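Here are my notes for a first look. Keep the model open while you read the points below.

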Amino acid sequence: MNRNERLIRLVRGINADLADCNELKSLLGTQFAAALEHHAGKLGQATEAISSLLETIEARRRERVELAAALLDGDPEASMPKVFALFSAASRQVFEGWWGELESLVRECKADNARVGQLLMGQHEIMQRVLDCEADIYVPA
């Protein structure tokens, strides 16, 4: 793969991640709603879809790391800002905008995921308290 092909692949990967992170954000909203409704079926479906999507996003991240390293002649500290420096000024601005948008979406998804996790942990704690309390109620006399 030559330099231009690597750059094209890198840019396509960023665009694909933008689309997938928007989908991930939507799925996290669905997962949160299902948890609020105590709808196990919807919760399971959302969780499966999220897991599958995350595998795809992670595969592209690994590829992006490899492409960046190759574009920067094996630089062990390869980074996207260093890769963007390879572009013309006009192109660099566009790609930096996409990258900033992707970073923002990733932060939002992490926050949404934490919110879902907190909700599920809170529900679990409540169930544990209820179950522990019931153990005392039904103790044989």
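**Notes on the helices, cores and loops**

1. Start with Gln-31, which sits in helix H1, residues 3-37. The model is a predicted one. Gln-31 has a relative accessible area of 8%. Buried means under 20%, so Gln-31 counts as buried.

2. What is Gln-31 in contact with, leaving aside neighbours within four places in sequence? The list is Leu-43, Ala-46, Thr-47, Ile-50 and Val-116. Of these, Leu-43, Ala-46 and Ile-50 are buried residues of H2.

3. The largest nonpolar core has 25 residues. Leu-24, Val-83, Phe-84 and Phe-87 have the most contacts inside this core. At least two residues each come from H1, helix H2 (40-71), helix H3 (80-84) and helix H4 (89-137). Which helix gives the most to this core? H1 does, with nine residues.

4. Look at Leu-24 itself. Not counting residues up to four places away in sequence, Leu-24 touches Ile-50, Leu-53, Leu-54, Ile-57 and Cys-109.

5. Now check the length of H2. Its 32 residues, at 1.5 Å a residue, should span 46 Å. The end C-alpha atoms of H2 are 46 Å apart, so the two values agree.

6. Which residues of H2 are buried? They are Leu-43, Ala-46, Ile-50, Leu-53, Ile-57, Arg-60, Arg-64, Leu-67, Ala-68 and Leu-71. Note that Arg-60 and Arg-64 are on this list.

7. Most residues other than glycine have a negative phi. His-38 is not a glycine, yet its phi is positive, about 55°. His-38 is placed in the loop between H1 and H2. Is His-38 buried or exposed? Its relative accessibility is 61%, and exposed means over 50%, so His-38 counts as exposed.

8. Asp-73 is the other case. Its phi is also positive, near 55°, and Asp-73 is not a glycine. Asp-73 follows H2 and is found in the loop between H2 and H3. With a relative accessible area of 74%, Asp-73 is exposed.

Definitions and conventions. Residues are numbered from 1 along each chain as its sequence is written. This is a predicted model: local features need pLDDT of at least 70, side-chain atom pairs count only at pLDDT 80 or more; totals for chains, interfaces and linings use all residues. Side-chain values use heavy atoms; hydrogens and water are left out. Helices (H or I, at least four residues) and strands (E, at least two) are DSSP runs, numbered from the N terminus. Buried means under 20% relative accessible area, exposed over 50%, partly exposed in between (1.4 Å probe, protein chains only). Contact means heavy atoms within 4.5 Å. A nonpolar core is a set of buried Ala, Val, Leu, Ile, Met, Phe, Trp, Tyr and Cys residues joined through side-chain atoms within 4.5 Å. The expected span of a helix is 1.5 Å times one less than its number of residues.
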